[in-house]
Amino acid sequence: MLTGKRILLVIGGGIAAYKALDLIRRLRERGASVRAVLTPAAAHFVTPLSVAALSGEKVNEDLFSLTDEAEMGHIELSRDADLLVVVPATADLLAKMANGLANDLASTLLLATDKRTLVAPAMNLRMWLHPATQRNVQRLRDDGVVFVGPVDGSMACGEFGPGRMSEPLEIVGGIEEMLKHSTVIALPNGETANALRGKHVVITSGPTHEPIDPVRYIANRSSGRQGHAIAAAVAAAGAKVTLISGPVTLPDPRDVTTVHVETAQEMLEATRQALPADLFIAAAAVADWRVAQTSDNKIKKGKDAPVLTFAENPDILATVSTLKQQRPKLVVGFAAETQNVEDYARQKLARKKCDMIVANDVSPATGVMGGDENTVHIVTAAGIETWPKMKKDEVAVKLIALLAQRLEADA
Ligand code: C5P
């Protein structure tokens with residue numbers, strides 16, 4: 001999974017720095033190369049000699065080192081990496097990162113990069129819980145920095161609570177997850193990478209919220225995970241992606257233009273605006289109904305319970321499938337069913353006039369809802385193909401390879 005990946009590891013000055021040594025081993029075992037940078041404080045906890053011996057690479061510590069700059073300038077260090085990893089991320093390092101300070105080699109590298117960054121914080125629980133740290137964490141999350149931990153546990157300072165650094169294998173899991181989407185997509189014809197370069201792909205994702213009055217709405221439990229994962233994978237395949245997202249708590253995927261909407265009608269309008277596209281993927285759980293007459297003011301509690309009447313929402317997938325002009329070359333819908341999965345999917349394909357339905361069984365016994373794995377059926381006019389059970393991300397990659405192939409064949 002990590003073969004050939006280059007990790008730039010920033011080791012911060014905390015007692016958990018010893019775990020960074022094990023992390024280097026774990027990463028190298030998996031085929032990654034690790035170049036390490038120590039903050040001045042880190043050198044009090046682990047020695048540059050241990051880090052160099054384990055990583056098999058020169059360790060960098062000084063921003064103003066003439067020899068290091070001559071060999072490889074500090075900007076090159078991060079340009080050369082696939083991912084920046086900060087272990088342990090101390091309160092001081094997080095504060096510097098959140099505020100864009102660059103007064104030593106580690107903080108300068110972290111600022112002088114357009115690569116993604118993963119941090120594994122470790123600190124005393126009161127430092128972690130302090131509003132200043134929490135503010136910095138939120139800012140970094142908004143900037144797209146990925147956090148692994150901290151976890152609850154006993155700490156070197158003798159206290160117990162949140163602030164303990166995650167174990168190296170957990171950090172490895174986070175690194176693998178982040179690098180997964182930058183993996184090359186191998187097409188069945190043997191061609192690799194950039195399977196969708198030059199294409200525009202529009203994707204809907206998440207639930208819709210249908211207002212009742214200014215403070216209340218009707219919603220569903222969709223998390224948007226599936227649609228957002230597909231958007232990230234499509235972007236990784238080189239396409240220009242417009243993601244029309246209902247209200248979700250997920251961050252906007254990288255390299256994707258995300259349009260935020262609330263209602264089904266807004267989602268349809270945003271979809272129309274986003275066209276033309278080569279490919280449309282409807283992964284959103286759009287509300288079938290909206291409240292016909294929304295109230296301008298909050299409905300007050302009265303003697304009688306209010307009665308809501310509903311109006312049917314537009315079917316975005318069917319609308320896009322039947323566009324006279326600007327119909328994308330391929331239109332794909334999803335079908336989550338709890339019974340007769342294949343039959344219903346076949347009917348949906350015909351009713352919505354789309355080119356493909358990705359159908360799955362979401363009955364509780366399957367564990368698909370909220371789970372990691374999925375068994376999907378690919379329903380097209382040509383028939384039904386059932387894929388073996390696999391991870392949801394693998395489904396996304398396999399689906400994209402298939403769609404790229406279809407687009408190519410239809411070109
Ligand atoms: O009819 P059903 O909701 O089961 O169909 C699911 C598919 O139709 C999904 O791809 C979903 O995004 C799409 N859909 C839509 N607009 C609606 C309802 C469903 O685009 N109003």
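Both faces of strand 4 are covered: Thr117, Val119 and Pro121 lie buried on one side, and Leu118 and Ala120 lie buried on the other. Buried means under 20% relative accessible area, with a 1.4 Å probe and protein chains only. Five of the five residues of strand 4 (residues 117–121) are buried, so the strand is largely enclosed by the rest of the structure. Strands here are DSSP runs of E with at least two residues, and helices are runs of H or I with at least four, numbered from the N terminus.

This is a predicted model, in which local features need pLDDT of at least 70 and side-chain atom pairs count only at pLDDT 80 or more. Residues are numbered from 1 along each chain as its sequence is written, and side-chain values use heavy atoms, without hydrogens and water.

Strand 4 has two parallel partners, listed here. Two strands pair if DSSP finds at least two bridges between them.

| Partner of strand 4 | Residues | Bridges |
|---|---|---|
| Strand 3 | residues 83–89 | four bridges |
| Strand 5 | residues 146–147 | two bridges |

Valine 119 is the bridge partner of valine 86. Valine 119 also stands opposite phenylalanine 147 in strand 5.

Now the helices. Helix 1 (residues 17–29) packs against helix 9 (residues 168–180) at an angle of about 50°, and their axes are 9 Å apart. Axes are lines fitted to C-alpha atoms over the stretch in contact, and angles run from 0 to 180 degrees between N-to-C directions. Lys19, Asp22, Leu23, Arg26 and Leu27 in helix 1 meet Pro168, Leu169, Ile171, Val172 and Ile175 in helix 9. Contact means heavy atoms within 4.5 Å.

Technical notes:
Buried means under 20% relative accessible area, exposed over 50%, partly exposed in between (1.4 Å probe, protein chains only).
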